[in-house]
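Work through the exercises below with the sequence and the coordinates at hand. Each task is followed by a solution in steps.

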Amino acid sequence: MTQIAVEEDVRSLVETLNYRDKVERALALIESAYKEFGDGLVVANSLGKDSVAVWHLAKRVSPDIRGFIVTTRFKPPETKKFMADQVARYPELRVFSNDGPIPDRLYETQPDRCCDILKVEPTRRAVREMNVSCWVTGLRCTEGRTRVDFREVEQRDVGLVKLNPVLIWYEREIWQYLALYEVPVNPLYKLGYRSLGCAPCTKISTGPDERAGRWIGTSKCGGECGIHTRPLKLTDGAGI
Ligand code: SF4
């Protein structure tokens, strides 16, 4: 892991590497991490286009690689159906959610709190219950304003490495990969969505910022749910 040039200028890699270079680099990153972390390497599969590309890449490295999905009561029916199809096809994908009571319309009044309860808490539980030492994400630095400062390999929490193997891919290169390997995607993309989340917080958007349709009308607009910004490995395992 450490031999890979993780400190290279991310922007320059985005612009100078071609599609094939990026695929090979992503595979090398996953392979190197899998050698180091073994079964502790787990893919966080959000069921979005970037995640399913990463899941496909990981499966090329080893069919034994496990994954988890964090879902919420507010996911659109299309996403729930796509999730059921993916889990039926890959039983090594575990599903986590927090189905406890929350105030009505919390996503409108306190979206950060809503995401903490429904997304961050189950992600922490997934990390803990699956003994994750390296989680692999579909995060890309060209997705929007909140994603420009990430690195391919990060360590935000003690004992938990984060690997972002498609960090330097353009949106077009993700679609190129998915098309070339005929990877099934969430049917919501056919309607024009570019970034998928919970139904009340996701709109179809246009323009350069892929995530501009997320949390429109709130302070979180175009922002983050928290799994990429909040601690995930708590020493006391106490949840949020
Ligand atoms: S995306 Fe919206 S509905 Fe989903 S957890 Fe976050 S605030 Fe709640």
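**Exercise 1. Determine what share of the contacts in the protein chain between residues at least 6 apart in sequence joins residues at least 24 apart.**

Solution. The model is a predicted one. Take contacts as heavy atoms within 4.5 Å. Keep the pairs at least 6 apart in sequence; of these, 73% join residues at least 24 apart.

**Exercise 2. Compare the radius of gyration of the protein chain with the value for a compact globule.**

Solution. Start from the chain length, 240 residues. A compact globule with that number of residues would have a radius of gyration near 18 Å. The protein chain has 17 Å, so the two agree. For the extent along the principal axes, the C-alpha atoms fill a box of roughly 50 × 45 × 35 Å. As for burial, 55% of the 240 residues count as buried. The accessible surface comes to about 11000 Å², and carbon and sulfur atoms account for 53% of it.

**Exercise 3. Give the number of helices and strands in the protein chain, and their order.**

Solution. The count is seven helices and six strands. Reading along the sequence gives the pattern α-α-β-α-β-α-β-α-α-β-β-β-α.

**Exercise 4. Sort residues of helix H7 into buried and exposed, and find what the buried ones pack against.**

Solution. 
1. Helix H7 spans residues 171–180. Apply the cut-offs: buried is under 20% relative accessible area, exposed is over 50%.
2. Glu-171, Glu-173, Ile-174, Tyr-177 and Leu-178 are buried.
3. These residues cover an arc of only 165° around the axis, and therefore lie on the same side of H7.
4. Arg-172, Ala-179 and Leu-180 are exposed, on the other side of H7.
5. The packing partners of the buried residues are helix H2 (19–37) and helix H3 (49–61).

**Exercise 5. Find how far apart the mean positions of the positive and negative charges of the protein chain are.**

Solution. Count 36 positive and 33 negative charges. Their mean positions are 4 Å apart.

Key: Residues are numbered from 1 along each chain as its sequence is written. This is a predicted model: local features need pLDDT of at least 70, side-chain atom pairs count only at pLDDT 80 or more; totals for chains, interfaces and linings use all residues. Side-chain values use heavy atoms; hydrogens and water are left out. Helices (H or I, at least four residues) and strands (E, at least two) are DSSP runs, numbered from the N terminus. The radius of gyration is taken over C-alpha atoms; the globule rule is 2.2 Å times the number of residues to the power 0.38. Buried means under 20% relative accessible area, exposed over 50%, partly exposed in between (1.4 Å probe, protein chains only). Accessible areas come from the Shrake-Rupley method with a 1.4 Å probe; for residues, only the protein chains shown count as cover. Lys and Arg count as positive and Asp and Glu as negative; His and the chain ends are not counted. The place of a charge is taken as NZ of Lys, CZ of Arg, CG of Asp or CD of Glu. The arc is that of the directions from the helix axis to the C-beta atoms.
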